[in-house]
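Biologist: Hello! Could you walk me through this model, one question at a time?

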Amino acid sequence: MESREANEVYDDMNLYITPESFIVEPNGGEEVLVIGRHDKFTRVQPASGGQLANLRPTRRICGVLGTIHLLSCDYLMVATHRIFVGVLNGSIVWRLAGYDIIPYIPNAIQRKENETYLNLLRQTLDSKYFYFSYRYDLTHSLQRQRELVTANPEKRQGLLQRADQRFVWNGYVLRQFNCNKMERFQLPLLLGFVSINQVQINGQTFFWSIVTRRSVERAGTRLFCRGSDEQGHVANFVETEQIVEFNGQLTGFVQTRGSMPFHWHQLPNLRYKPRPTLVPGKDHLAACSLHFNDQIRLYGNNVAINLVDQKGPEGELEATYARLVRELGDKRVRYEAFDFHHECRKMRWERLNILIDRLAYEQNQFGFYHVFDDGKLVSTQTGVFRTNCIDCLDRTNVVQSMLARRSLTAVLQKLGVLHVGQQVEDASASFENRFKGVWADNADLISLQYSGTGALKTDFTRTGKRTKAGAIQDGKNSLMRYYLNNFADGHRQDGLDLFLGKYIINDNEGGAVPSPLESQRGWRFFTFPSVLLMAVAMFMITMTYPAEFNTENLLFMLFWGAMIAVSATGILHYGIEFVQWPRLFPPISFQAP
């Protein structure tokens, strides 16, 4: 365990629950956090105040995650269990493995809607995986951490206060505490993927890590969250940093991914692949301009790698993206289109090297962040590769892993781990397998958080080639995505909007104000599935039970077969009415029947 003197957030605490207050006592600490259960007044005070006399701790906790107001009362969220991930830059990184949601007023009148909101919160906190550190700022890249210190060498802020708020998933619920001197009790959570690995190549031992950060700005699920909002924030924006620690030196290489930065959507309608379309009446160029201005401010020059199909519905989006970048006329943004499916058709995955060769010049120019542990700066990364496909999941991860491998070769040659001209993939078979496995795990976790299933094409990432088993697994994941995106993601989207503070609960919901949780369904929602089930049952009975087939039986089969066709066609035609939609912020294009 890290020394408490070095930790910026308390890591081991006792929680006392009394009728009047919650009291959080750090083990060995000189102060306690007191949260009033009735007046909600929060204060940090010396531990010697005697308020813990004759009290026994209710439970041990390992972090305060925040507080949120629901219908019946406020709720305190605490971390109760954690799993060790590894040591990054001298600090332990943990994964959230358990939590508790505790009501301020335990005997408050419980309404049905309140239990629904609690379930939405639990569903979000059950996401795989939230990470945290009591000392290391997981939200900032190594380079941004240095820039912060350089800009404000005398300013001392808490871990939450100096964090990159784009990647703090419990930022809203932590900010509900209006209390001074609370910095050491506020534990920021990162949603994404962290892998820390000790590696040996050519007899040299070093640490190789991946830190992936998912953004809260336009967070959502696969088909309910696409494109850009009015501020230029894009769906499924993810920053991935590859870190190497060797002999007192640190290097970092950052890549980003995110939905195409203009207004488009792909709302579910029970079709296997809904058609993506531009949102009419929106200023696409303004959204694209805002997005890239922000990206240039944060990362420097951008190479926008677009892997979508260049024909069909995706082709229309690709043409729009290319046109918008041309109209931007910013030399700091270069557009690189690569039709992944067309170029790599018939398992010709080696053609991905064509794209990597096209990007080689910029990758050499951008470089990577490199610093000694005494603070001596060697180099910085001056630009970023921003990769996308339609989901920014499967194709994107394949290309990002290839860029990361190329960067890692340059880093290890610079550090003297690799010989001149030696490639990392040839230096150690065991590390190459680990590299592929970690990047495949990264793909699976990011895909799970956005689409609900593991990523596709990870057999190529894990093995370097496509396999029949991988194709079968992709088929299973695709079918699961279809089900989740149409019949489960509405609740997941609601949970995200509630946890991130995008939806604020009104105490009058269900009374003076209609509850958004009350969804109205038209007659077709009940009629068509009922008819379909009855028709299928009668068709099977007609086929199975008669002793012999005659004209009457055939007519029955034809009738019930026709009823199956009519009801199934009706369901597909009115598919939008059968989708599970978000209830807190239903898409504006959807009109309930």
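Modeller: Gladly, and a definition comes first: two strands pair if DSSP finds at least two bridges between them. Helices (H or I, at least four residues) and strands (E, at least two) are DSSP runs, numbered from the N terminus. This is a predicted model, in which local features need pLDDT of at least 70, side-chain atom pairs count only at pLDDT 80 or more, and totals for chains, interfaces and linings use all residues. Residues are numbered from 1 along each chain as its sequence is written, and side-chain values use heavy atoms, with hydrogens and water left out.

Biologist: Thanks! Which residue in β4 stands opposite I35?

Modeller: Strand β3 covers residues 31-36 and is joined to β4 by 5 bridges, the two running antiparallel. Within this pairing, V34 stands opposite R43. For I35, the residue across in β4 is T42.

Biologist: Which residue in the turn between β3 and β4 has a positive phi?

Modeller: β3 and β4 form a hairpin, with 5 residues between them. The turn residue with a positive phi, about 65°, is K40.

Biologist: Now for another hairpin. What is the bridge partner of M77 in β8?

Modeller: Strand β7 (residues 74-88) and strand β8 (residues 91-103) run antiparallel and are joined by 12 bridges. They form a hairpin with 2 residues between them, and N89 in the turn has a positive phi of about 55°. The partner of M77 in β8 is I101.

Biologist: And which residue of β9 stands opposite W94?

Modeller: β8 also pairs with strand β9 (residues 130-132), in the antiparallel sense and over 2 bridges. Opposite W94, the β9 residue is F132.

Biologist: On to the helices. How are α5 and α6 oriented to each other?

Modeller: Helix α5 (residues 284-299) and helix α6 (residues 312-328) pack with their axes 10 Å apart, at an angle of about 70°. Axes are lines fitted to C-alpha atoms, for helices over the stretch in contact, and angles run from 0 to 180 degrees between N-to-C directions. Angles under 35 degrees count as roughly parallel, over 145 as roughly antiparallel, 65 to 115 as roughly perpendicular and the rest as oblique. The two helices are therefore roughly perpendicular.

Biologist: Is T453 buried or exposed?

Modeller: T453 is found in the loop between α11 (429-451) and α12 (458-463). Beyond its neighbours within four places in sequence, its contacts include D444, L448 and M480. Buried means under 20% relative accessible area, exposed over 50%, and partly exposed in between (1.4 Å probe, protein chains only). At 3%, T453 is therefore buried.

Biologist: Finally, how far apart in space are F460 and W349, C-alpha to C-alpha?

Modeller: F460 lies in helix α12 and is buried, with a relative accessible area of 11%. Apart from neighbours within four places in sequence, F460 is in contact with W349, L352, V398, K465 and R466. F460 and W349 are 111 residues apart in sequence, and their distance in space is 8.4 Å.

Notes:
Contact means heavy atoms within 4.5 Å.
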